[in-house]
Amino acid sequence: GDKILCSGTVGDHGIAILIARGNLDLEAEVLSDTQPLTPLVAALREAVAPHLRFLRDPTRGGVGTVLNELARDSGYGVVIWEEKLPVREAVQGACEILGLDPLYVANEGKLVAFVAADHADVALDVMRGLPDGRDAAIIGEVREEPPGRVRGRTAFGGHRMIDVLVGDPLPRIC
């Protein structure tokens, strides 16, 4: 029943680095999300500490990898609502062109938090009250099923398995 929160838009850093390297002929302006997480973490700890179950930065392997690692290690299922995942339009477009899933693109200044369901709205308000968390969203929840796996509910109402990332979709970027 714990809710899963993401502190802001995903994939910004990975796509920004690819564009900056000049390897892509894209004219989108995407800035890296590099920023310290200390203010977000401190605010969350102060507001919901006993109900804060897990925090992790989704740098290597993105949000999809963090969710899979937690599901695998805990034995619980994770369900995310893909329409709730905050992704900038330019990042989504670049991912579509490149055949990438934003769930697996690197982030440098975001965190994923698992919070008790009855305190998730408080945690969301705290995040959104800070400049570095203004795009925060509740993106899913922990369930009994599918045990040890991550399932995404698509914007069309279907479901897909969010598998463990095999290999690196992008070369090491930093």
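Modeller: Here's one to start with: a polar contact is a pair of N or O atoms within 3.5 Å; within protein, one must be able to donate a hydrogen and the other to accept it, and residues adjacent in sequence count only if both atoms are side-chain atoms. Keep in mind that this is a predicted model, where local features need pLDDT of at least 70 and side-chain atom pairs need 80 or more, while totals for chains, interfaces and linings use all residues. Numbering runs from 1 along each chain as its sequence is written, and side-chain values use heavy atoms, with hydrogens and water left out.

Colleague: What makes the pairing of His119 with Asp118 a polar contact?

Modeller: The two side chains come to 3.0 Å, which is within 3.5 Å, and both atoms are side-chain atoms, so these sequence neighbours qualify. His119 itself belongs to the loop between β4 and α5 (120–128). Those labels are DSSP runs numbered from the N terminus: helices are H or I with at least four residues, strands are E with at least two.

Colleague: Why is Val48 called buried?

Modeller: Buried means under 20% relative accessible area, exposed is over 50%, and partly exposed is in between (1.4 Å probe, protein chains only). Val48 comes out at 0%, so it is buried. Its place is helix α2 (residues 38–48). Apart from neighbours within four places, Val48 is in contact with Val115, His119, Val122 and Ala123. Val115 is 67 residues away in sequence, yet its C-alpha lies 8.0 Å from that of Val48.

Colleague: How do you know that Phe54 and Phe114 form an aromatic pair, and what makes it edge-to-face?

Modeller: In general, a pair of aromatic rings is described by the distance of the centres and the angle of the planes. Rings of Phe, Tyr and Trp (its six-membered ring) pair if their centres lie within 6.5 Å; planes under 30 degrees apart are stacked, over 60 edge-to-face, and the rest tilted. This rule gives a count of one aromatic pair. Phe54 and Phe114 sit 5.3 Å apart, centre to centre, with 85° between the planes, so the distance passes and the angle says edge-to-face. The pair links distant parts of the chain, 60 residues apart: Phe54 is in strand β2 (residues 52–56), Phe114 in strand β4 (residues 112–115).

Colleague: What about Pro86: buried or exposed?

Modeller: Buried, because its relative accessible area is 12%.

Colleague: Why does Ile162 get the buried label?

Modeller: Its relative accessible area is 0%, so buried it is. Ile162 sits in the segment after β7 (159–161). Leaving out residues up to four places away, it touches several others, among them Gly64, Ile80, Leu103 and Val150.

Colleague: Last one: how do the residues lining the second largest pocket divide?

Modeller: Into six nonpolar, two polar and four charged. Ala, Val, Leu, Ile, Met, Phe, Trp, Tyr, Cys and Pro count as nonpolar, Asp, Glu, Lys and Arg as charged, and the others, Gly among them, as polar. A pocket is an open set of points on a 1 Å grid over the protein atoms alone, where a 1.4 Å probe fits, with protein on both sides within 12 Å along at least five of seven lines; lining residues have an atom within 4 Å of a point. The lining includes Leu85, Cys95, Asp101 and Arg160, and helix α4 (residues 89–98) gives the largest share, three residues.

Terms used:
Contact = heavy atoms within 4.5 Å.
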